[in-house]
Amino acid sequence: MEYDTMMMDGESLGPSVKISAADSSHVDFELSNVDLSFANSLRRVIQAEVPTIAIDLVEIEVNTSVLADEFIAHRLGLIPLDSREIDQLNYTRDCDCDQSCGKCTVTLTLHAKCSSDEVMKVYARDLIVGIDRPNNHIGNPVIIDPEGHGSLIAKLRKGQELKLTCIAKKGIAKEHAKWSPTAAVGFEYDPHNKLHHLDLWYETDAAAEWPKSKYAEWEEPPAEGEPFDYDAVPSRFYFEVESVGNIEPDAIIQEGIKELQRKLAGLIHGMGENDDMNGDYNGPRSPEGMDGGVSWQDQGYTTPYAGAGNASAWGGGATAYGTTPYGNSGAAGW
């Protein structure tokens with residue numbers, strides 16, 4: 001994947017994105033003409049709400065290695081799996097199947113047994129992906145090392161065996177970090193700290209003890225003696241997104257924007273800001289607004305403190321509280 005430095009969205013008044021560097025594993029870009037809350041929302045969505053696929057259930061049939069079952073299951077869950085075109089895979093909670101099927105899960109199997117005196121290393125490449133899946137690449141272990149081994153799962157000595165079945169599901173990092181599409185997301189603004197959002201601790205010289213970031217060259221430093229602008233707000237934000245390999249970094253940004261749009265659309269719809277606002281309101285309303293303004297509750301019986309108490313369906317007239325120590329029927333002291 002190759003990029004040139006370019007500008008997206010040529011309107012100067014709208015959000016602007018400038019890509020400064022990109023390759024197969026990371027992308028650096030500048031987001032401008034937006035406020036801090038929007039930029040931070042995009043950062044949070046990129047980190048925690050872009051869906052991927054990861055191993056969620058592990059059924060271990062044989063494990064004679066030195067590692068406990070839970071330890072191996074945890075290692076398997078952290079292996080990055082190819083999550084391109086993840087929209088073709090359903091969430092298990094939204095699928096019509098009873099437990100799992102090819103539309104919502106991907107099955108991986110592993111069977112390794114050491115028969116030599118040498119230590120046998122079991123890698124992610126040894127996982128066999130089932131054929132019942134939406135496409136031919138989703139769920140494949142991500143292997144980017146030069147040797148083509150992938151993540152190390154376990155080491156076996158002679159006679160030791162490992163046999164298991166894995167179920168990979170679609171999820172987001174808000175549920176568990178194994179579904180995170182990013183290894184790291186760098187986020188920075190105001191590299192010269194002109195807004196004083198950071199209180200830098202230093203011993204003698206803050207400028208010498210706190211080196212400026214590379215983005216300080218992109219903005220003008222404050223002039224000496226320049227008065228502080230209390231109305232200034234940040235408008236340029238610098239992102240550095242590094243992928244774990246399951247999704248390309250540019251796709252992570254696009255999916256993050258889509259998810260943010262869906263969340264905002266749901267909020268707007270929930271608040272009633274749609275075309276039906278000019279018509280009748282079908283949402284919740286107070287009892288006073290029902291039945292033409294007439295109270296929806298009947299008058300009921302008078303309380304013990306409003307008199308002697310009316311007769312109830314169970315008989316009786318004045319209650320034991322008809323006369324209180326503070327006045328007859330509560331009339332004087334209440």
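Visitor: What makes up the secondary structure of the protein, and how are its elements defined?

Guide: The protein has four helices and 13 strands. Helices (H or I, at least four residues) and strands (E, at least two) are DSSP runs, numbered from the N terminus. Residues are numbered from 1 along each chain as its sequence is written. Because the model is predicted, local features need pLDDT of at least 70 and side-chain atom pairs count only at pLDDT 80 or more, while totals for chains, interfaces and linings use all residues; side-chain values use heavy atoms, with hydrogens and water left out.

Visitor: How do you know that the buried residues of helix 2 line one face?

Guide: In helix 2 (residues 69-77), the buried residues are I72, L76 and G77. Seen down the helix axis, these buried residues fall within an arc of 140°, so they line one face of helix 2. The arc is taken from the directions from the helix axis to the C-beta atoms. The buried residues pack against strand 4 (52-63), strand 8 (152-156) and strand 9 (161-171).

Visitor: What makes a group of residues a nonpolar core, and which members of the largest one touch the most others?

Guide: A nonpolar core is a set of buried Ala, Val, Leu, Ile, Met, Phe, Trp, Tyr and Cys residues joined through side-chain atoms within 4.5 Å. The largest such core has 25 residues, and I53, L76, L108 and I153 touch the most other members. At least two residues of this core come from each of strand 4, helix 2, strand 5 (105-113), strand 8 and strand 9. Another core, of 16 residues, lies apart from it and has F29, L31, A39 and V185 among its members. In soluble globular proteins, nonpolar side chains tend to be buried together.

Visitor: Why is the pair of E49 and K263 called a salt bridge, and what does it tie together?

Guide: A salt bridge requires a side-chain nitrogen of Lys or Arg within 4 Å of a carboxyl oxygen of Asp or Glu. The closest N and O atoms of E49 and K263 are 3.2 Å apart, so the pair meets the 4 Å limit. E49 lies in the loop between helix 1 (36-48) and strand 4, and K263 in helix 4, so the pair ties together parts that are 214 residues apart in sequence. With a relative accessible area of 13%, E49 is buried, whereas K263, at 37%, counts as partly exposed. The whole structure holds 13 salt bridges.

Visitor: What links K214 to E240, and which residues belong to their network?

Guide: K214 and E240 form a salt bridge whose closest N and O atoms are 3.3 Å apart. K214 lies in the loop between helix 3 (206-209) and strand 11 (236-243), and E240 in strand 11, 26 residues apart. The network of salt bridges links D28, K214 and E240. K214 counts as partly exposed at 47% relative accessibility, and E240 is partly exposed at 31%.

Notes: Buried < 20%, exposed > 50% of the residue type's maximum accessible area, 1.4 Å probe, protein only. Contact = heavy atoms within 4.5 Å.
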